[in-house]
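Please prepare a briefing on the structure shown below.

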Amino acid sequence: QEMMLRLTSNEERLVMDHEIKTYSYREWMKTNPAYTVYTTTDFATNEQRKNDFNVVSNWAVDFEGNFRFIGGVCKRQLMDKTVDQIFEAKEQHKDALMGVGCEVAGQQGGFISWIIKEMTARSLFFNLLSHGNGNKPGIRLISSKLQRMNEVVPLFKTGKIMIPDDMPDHPWIIEFWNEIRLATKKGLKSKHDDVLDTVSMLYLITPILPAQQFNIPEDSEMDNWGQEQYALANYLA
């Protein structure tokens, strides 16, 4: 992979480092922001070292429609653990979780029914996103990985996908930078593309935005008349 990085020129890359908007997750959370949450996934079928990663990507969507990565999983592990982590995201974000995207092509097709059964067993329910699957739960993709990656390039270049810069040791973050730096116009040249598979799913999502936060400006004519009396309360309709 290091050799591929040396051989890949900047002219070939789909997205340059400086075009990827970063933010401080900790500082952003201190502002008590309003956001909705979407989860995108890419499943592997076993935990052998040579195989792909299981990836769960959690995205906070702010009132401007930016997708901010806020945590997730990138690990070789069996699917039961990955399913647990999807439900952990639901428990953590509760009603803010608007949808979970799971691909149903190939070997991943059987996982939707498993997740639905787990919802009933755990009495914990969430929306499974649908695309190209006849309105049934699950995302069925027919385009190539490179085509899907090209769909999200404009989101990167307009700053709509935001990556935290204060969790550099997170396995997802490490793998993201490995993969994005080898995403070229001729193909995805990294050893794995599992994280980018979850990123490229974002172009299929039309997110529900949270309400924009605002403060009511002070106005001498509309301000409190007393400690417990507000001017509007004295108007009769």
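**Briefing**

Pro210 is found in the segment after α7, where helices (H or I, at least four residues) and strands (E, at least two) are DSSP runs numbered from the N terminus. This is a predicted model, in which local features need pLDDT of at least 70 and side-chain atom pairs count only at pLDDT 80 or more, while totals for chains, interfaces and linings use all residues. Residues are numbered from 1 along each chain as its sequence is written, and side-chain values use heavy atoms, with hydrogens and water left out.

**Pro210**

- Pro210 is buried, at a relative accessible area of 15%; buried means under 20% relative accessible area, exposed over 50%, and partly exposed in between (1.4 Å probe, protein chains only).
- Between Pro210 and Thr36 there are 174 residues in sequence, yet their C-alpha atoms are 6.0 Å apart in space.

**Buried serines and their polar contacts**

- Ser57 belongs to strand β3 (residues 54-61) and is buried, with a relative accessible area of 0%.
- The side chains of Ser57 and Thr198 are joined by a polar contact of 2.8 Å; such a contact is a pair of N or O atoms within 3.5 Å, where within protein one must be able to donate a hydrogen and the other to accept it, and residues adjacent in sequence count only if both atoms are side-chain atoms.
- Ser190 lies in the loop between β10 (187-188) and α7 (194-200), and counts as buried because its relative accessibility is 11%.
- A polar atom of the Ser190 side chain lies 2.4 Å from the backbone oxygen of His192.

**Aromatic pairs**

- The whole structure contains 11 aromatic pairs; rings of Phe, Tyr and Trp (its six-membered ring) pair if their centres lie within 6.5 Å, and planes under 30 degrees apart count as stacked, over 60 as edge-to-face and the rest as tilted.
- One of these pairs is Tyr23 with Trp28, edge-to-face at 6.0 Å centre to centre and 90° between the planes.
- Both Tyr23 and Trp28 are buried.
- Phe176 and Trp177 also form an edge-to-face pair, with 5.2 Å centre to centre and 75° between the planes.
- Phe176 is buried at a relative accessible area of 0%, and Trp177 is buried at 16%.
- Trp59, Phe69, Phe156, Trp172, Phe176 and Trp177 are linked by ring pairs into a cluster.

**Helix α6**

- Seven of the 10 residues of helix α6 (residues 171-180) are buried, so the helix is largely enclosed by the rest of the structure.
- The buried residues in α6 are Trp172, Ile173, Glu175, Phe176, Trp177, Glu179 and Ile180.

**Charges over rings**

- The charged end of Arg68 sits over the ring of Tyr23, 4.9 Å from the ring centre; this requires NZ of Lys or CZ of Arg within 6 Å of the ring centre and within 35 degrees of the ring normal.
- Over the ring of Phe87 sits the charged end of Arg122, 4.4 Å from the ring centre.

- The largest cavity holds about 40 Å³ of space, a volume being the space filled by probe spheres set on the points, which are joined across faces, edges and corners.
- Glu103, Leu141, Arg148, Asp197, Ser200, Met201 and Leu204 line the largest cavity.
- This lining of the largest cavity divides into three nonpolar, one polar and three charged residues, with Ala, Val, Leu, Ile, Met, Phe, Trp, Tyr, Cys and Pro counted as nonpolar, Asp, Glu, Lys and Arg as charged, and the others, Gly among them, as polar.

Technical notes
On a 1 Å grid over the protein atoms alone, a cavity is a set of points where a 1.4 Å probe fits but cannot get out, and a pocket is an open set with protein on both sides within 12 Å along at least five of seven lines; lining residues have an atom within 4 Å of a point.
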